Amino acid sequence: MTEQNQSTDAVETKPTAPQKSKSCGWVGNTLSIAISLAIGIGGFYIYYHGKQQNAALIAENNTLQQQIASLMEQQSTDKQNLDAKIQTLETSLKEQIESQNHQLDERVGKLQTRVSSLSNSDIENWRLAQASSLVKMAGYKIWSEQDVTTAIALLEDADRNIAEMGDPSLIHARKAIRDDINTLTKIQQTDLEGIILALNQLSNQVDNLPLIDRVEQGAPMEKNNREITASLSDWNKNLRNSLKSFMDNFITITPRDNNKAALLAPNQDIYLRENIRSKLLIAVQAVPRQQEEIYKKSLESVGEWVRAYFDNSVPDTESFLSSVDSLEARSLSITLPEQLESQQILSELVRKRIYNLPGSEPATPKNHAEAQSEPEPKRQTESETQSEPKHQPPSEPLSGQAETHVEES
């Protein structure tokens, strides 16, 4: 039994191995089929998705090409419009330039016609007007600035212009100009520059003036008979004599008259000298303006202060005072003619020959000079007020003063 069982088992166990290999082959085939399907599906998906993307890109590219084409069309249209506008502007500018050139040509032609139409009479009229203007300028220099030299030069230029005209009918005008030149030449002019230099020199000499010594010695005191003896018994008398001698010499009182000027403090001479310089500066400023009243008052104050506070016996002070007196005696004013004869004659000739107007009497130069010189005194007063020094010494002595001199014995 056992042998049969063993043989059956051997027979039964032999076919078991082929069954297992069959099952394993089926699973592998299934897996390979699944993998192939998956790969095919994935490849199809990728192909389909790529095809869609290509279609979208193609559509977008077509859209962009259409937009570029439309922009190019718009650009070409704008360029055509711009070219048309530029051409229109060029045409209008050319027309304007041509019209302006035409107008300028017409004006230049007119000016050339006018210049060419000028005759000798027009040149003579121009010279006559210039001569009249020069004479008026000469009058202004005389009455406003009192510059006689410049006025003579202007009159000579006016006479030269009339002489170049060569018109015998203007001899009376030339004669009037020559008479005016002779009148101005005879005027005795003042050397204002020399006066200014002399005043500046005096200002530099102020520090060299010595002050007057007004400390006067009193009357000699009576002889002191209070002698001190060598005796001891006279000690009481000697003590009284010593005390009285000390009190007599301790305080000295000197009476003064009312006619004497007040003394200056030791440090006040600086202000005195600066005030003298200020007055000399005022005189210097008054010279070119010919303000004679201010000039003389300033020098008069300088002379009074120098005589009152400085030693007049010193040669420097004597020379200083003599220079001040000589400068004060000089006059700054100049005697000027009331009018120029040639000015009225030339004005009448200009009115008749150039403007074809009837003659009329012009304003006299005297009134013109007075009108221009009216505000001058006010300006002079202002300059004098501004130039006044702050510290001025008294010009008159103080009355009722007494001088007390204290000395230590």
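Trainee: How do you know that the span of helix α10 agrees with its number of residues?
Mentor: This is a predicted model, where local features need pLDDT of at least 70 and side-chain atom pairs count only at pLDDT 80 or more, while totals for chains, interfaces and linings use all residues. Residues are numbered from 1 along each chain, and side-chain values use heavy atoms, without hydrogens and water. Helices are DSSP runs of H or I, at least four residues, numbered from the N terminus. The expected span is 1.5 Å times one less than the number of residues. Helix α10 has 15 residues, 315-329, so it should span 21 Å; its end C-alpha atoms are 21 Å apart, which agrees.

Trainee: Which residues of α10 are buried?
Mentor: T317, F320, L321, V324 and L327. Buried means under 20% relative accessible area, exposed over 50%, partly exposed in between (1.4 Å probe, protein chains only).

Trainee: What puts them on the same side of α10?
Mentor: Their arc is only 130 degrees around the axis, so they share one side of α10. The arc is taken from the directions from the helix axis to the C-beta atoms. An α-helix has 3.6 residues a turn, so residues three or four places apart point the same way.

Trainee: What lies on each side of α10?
Mentor: The buried residues pack against α6 (192-204) and α9 (292-309). Contact means heavy atoms within 4.5 Å. On the other side, P315 and A329 are exposed.

Notes: Helix = DSSP H or I, 4+ residues; strand = E, 2+ residues; numbered from the N terminus.
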